[in-house]
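Please examine the sequence and the three-dimensional model shown below. The paragraphs that follow lead through some of its helices and contacts.

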Amino acid sequence: MKLNIKRWLIENNTLIIFVLMVIFSAIISDSFFTANNISNLLRQTAPVGLISFGMLLVILTGGIDLSVGSVVAAIGVSFALLSHQVYFPWALLFSVLIGAGVGMISGYLVAYQRVAPFIATLAMMTVVRGTGYLISKGSPITVGEYSKSILSFGSGDFLGIPWSAIVLLIVFALVYLLLKYNAFGRMLIAIGSNEEAVRLSGISVSKYKFWVYVIIAVFSAIAALLMVSRTGVGTPNIGVGMELDVIAVVVIGGASLSGGKGSVVNTLLGAFILAMIGNVMNLLDVASYLQQVIKGVIILMAVIAQRYQKN
């Protein structure tokens, strides 16, 4: 019985941390459970959470994508520029397609040219960020008249739930179904567990690896559009360090960085945990530099918890 309780605690450490964070946040800040703060928390969680679902798929195959923050910046700028030229739906579509194109390049390098994911996406991070600066000339770009309606989406809600949070939940449901009931999702886990065995079974590992980088780039593009919808501005220097937050979310969610193991439910909880940490520290006026230190310590604790889980 004692062993079972210990095992349950280890296997559900993300849920336990989430519950403790909610209790702790409510105790130390009277503002935490206000409607305005919860709404802000949901809006802040949505972009990172979205990309984290994509990162989970990549990490399940044993890969990693460091370019997501740069994709967010470049897509934000691209959308702002397009919004001056074409109507709202076209600007959205072209932006997502540009994101998918970036993902195809990363996926091709990793899956078909056998470039290490860390190197390939690090190079893409620099290229895409630089492109964002080039096309924007280094300046923020305001959304054009053709696409002003996106601002009502970013600040609006449905039955009190922000639209961005609804998008997050829809994507969460899709990824959950993909991993739970679809052969594609199950294959990602198999590749991360034993890539060689999957390859010897005659299955094209490269095809699966290629598509996870496309998916994460599309999710990053959608996240960029959510961020632009809040501010009405595409900025080339946004998203710096975002890849670390996203990786932290997936690690806090219990995914193994060596691949083959991870949960989309825990990834969602991880996104809320990271957002709550930032939210509470902002409510308490903790200095931004100290926030980075605290986040780093929490990531280390999550990795240590992973080791216990494996044992």
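Two residues are said to be in contact, or to touch, when heavy atoms lie within 4.5 Å. The model is a predicted one, in which local features need pLDDT of at least 70, side-chain atom pairs count only at pLDDT 80 or more, and totals for chains, interfaces and linings use all residues. Residues are numbered from 1 along each chain as its sequence is written, and side-chain values use heavy atoms, with hydrogens and water left out.

Consider Met 227, which is found in helix H11; helices (H or I, at least four residues) are DSSP runs numbered from the N terminus, as are strands (E, at least two). Leaving aside residues up to four places away in sequence, Met 227 touches Pro 47, Val 72, Ile 238 and Met 242. Between Met 227 and Ser 39 there are 15 Å in space, C-alpha to C-alpha, although the two are 188 residues apart in sequence.

Helix H11 (residues 205-231) also meets helix H8 (residues 163-181): their axes come within 11 Å and cross at roughly 165°. Such axes are lines fitted to C-alpha atoms, for helices over the stretch in contact, and the angles run from 0 to 180 degrees between N-to-C directions. H8 and H11 are therefore roughly antiparallel, a term for angles over 145 degrees, while those under 35 count as roughly parallel, 65 to 115 as roughly perpendicular and the rest as oblique. Ser 164, Val 167, Val 171 and Val 175 of H8 make the contact with Phe 219, Ile 222 and Leu 226 of H11. By class, six of these residues are nonpolar, one is polar and none is charged; Ala, Val, Leu, Ile, Met, Phe, Trp, Tyr, Cys and Pro count as nonpolar, Asp, Glu, Lys and Arg as charged, and the others, Gly among them, as polar.

How far apart are the end C-alpha atoms of residues 264-283? They lie 28 Å apart, and the span is 100% helix and 0% strand. Over residues 161-179 the corresponding distance is 26 Å, with 89% helix and 11% strand.
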